[in-house]
There are 2 protein chains.
Amino acid sequence: MSDKKETTTEPNSQGRIRQENKKRIMSAAEKVFAENGFRGSTTAAIADAAGLPKANIHYYFGTKEELYRAVVDDIVELWLSSFREITEDDDPASTLADYIRAKMELSRNRPEASRVFANELIRGAPRIKPYLSGDLKNWVESKSAILDKWVSDGKMAPVDSTRLIFHIWAMTQTWADFEVQWSCILGRQNGLEDADFEQATNSIITTILRNCGLLPLPERKPL
Amino acid sequence: MSDKKETTTEPNSQGRIRQENKKRIMSAAEKVFAENGFRGSTTAAIADAAGLPKANIHYYFGTKEELYRAVVDDIVELWLSSFREITEDDDPASTLADYIRAKMELSRNRPEASRVFANELIRGAPRIKPYLSGDLKNWVESKSAILDKWVSDGKMAPVDSTRLIFHIWAMTQTWADFEVQWSCILGRQNGLEDADFEQATNSIITTILRNCGLLPLPERKPL
DNA sequence: GGAAAATCCGACCAAAGGGTCAAATTTTGC
DNA sequence: GCAAAATTTGACCCTTTGGTCGGATTTTCC
């Protein structure tokens, strides 16, 4: 079913035009898929966004499905590569804060990538389940093991380390996926501003560090 | 453009069959829209899920767009009605905990509703922006005012009350919208279990209450 | 019980959708 | 400079899709 174009044989060292066009198409596709999901996106819309005739999309990617997979694979790679390595010797507070900042920068700079991913998850992740149950599961397990080590070393208070990671993701990605909701509620006519992301970042960091006993208990205002 | 069936004139007191069928179709539509978004959903798929011929969908709802709006309006109403009233005289800790529990129960029991809403937001909320900038904005503003009052009354520590609400939503809704991600990572072959939701609920409550200085600072394990 | 209203539903239609093709043009490698 | 390879593109094809229609069946109401 997919043995007709064999992208694997392509020498790839040359093909400057090919590289450029594929990148252009994938970037356009990311936008369209983010907004409409896989089934709701049309190859015509993608071609339009890329400024190319529809036939070119099929020339470079065969089917819509293949293009989608290429886009998703790209995002998965971005996801995994964007995590700085963490070791048990690191300082919990600054490591967690840095991680939250990195995730928020992704939400700010690559919101479409986040939304493509979100779309895929909402649909039950038919195409990326193996990745979720594989690389991603391993990543979470190894990181929560480090958190647990920090706890048992007395470097931070006991927490549910797995849920901690989940909830960091939820709080950071919501600023990309559901941006329109927050910008409406905050009354930002032209979308969220840098300052909104900064404030959100600080709020998340505070929440997480307090939860881990890494910030002093905030004083209540005296009656 | 919509003056041909005039659903408003329908006496509605009779029409038992009508009520039942509309409910059946909307319930099926919620499922299909949740999984495929508006553009990705076909009326045939909805009819199929409802166990009715496609023509009936159009008989009761006119167009796909009208059906979608009916479903979304229903969800918006559910959203707003599910919030217990809060007053400044309430106890912060139990009020926040109750609210988180209520949101988590919605995520557990009406995940499709949450996903339809999420789909709409990811797309930029073309059809519900007025609701976001209206009712929802007001709701958030009135609730964050109460939180602020609690702070100035010394009943809880100073927090960014608006972001607090946003992040409660993010952490609770992620368990509906992205359930597949969490169940893969947790290795649950058959989807999340009740116990998973309980554990998540507790984790969120702890996080939020600690953030508000409503739980004692957790002790670190001594070296 | 019977006529009017409501409901059901298979058959149909025009538009949009994914994908193909072959001829024309451009780029590459020597 | 030129032949082979790569790329471009409009026209085309078949399937899917949202939506309609009209006649059959059921329900309602007196």
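Two residues are in contact when heavy atoms lie within 4.5 Å. This is a predicted model in which local features need pLDDT of at least 70 and side-chain atom pairs count only at pLDDT 80 or more, whereas totals for chains, interfaces and linings use all residues. Residues are numbered from 1 along each chain as its sequence is written, chains are lettered from A in the order in which they are written, and side-chain values use heavy atoms, without hydrogens and water.

**View 1. The interface of chain A and chain B.** Here 68 residues of chain A are in contact with 68 residues of chain B. The two chains bury about 5900 Å² between them, 63% of it on carbon and sulfur atoms; buried area is the accessible area (1.4 Å probe) that two parts lose on being put together, summed over both. A:I122, A:I185 and A:R220 supply 12% of the area that chain A buries against chain B, more than any other three residues.

**View 2. DNA strand C and its surroundings.** Of the atoms of DNA strand C that come within 4 Å of the protein, sugar and phosphate account for 62%.

**View 3. Phosphate oxygens of DNA strand C.** From chain B, a polar side-chain atom of B:R18 lies 2.7 Å from a phosphate oxygen.

Technical notes: A residue is near a molecule or strand if one of its heavy atoms lies within 4 Å of it. A polar contact is a pair of N or O atoms within 3.5 Å; within protein, one must be able to donate a hydrogen and the other to accept it, and residues adjacent in sequence count only if both atoms are side-chain atoms.
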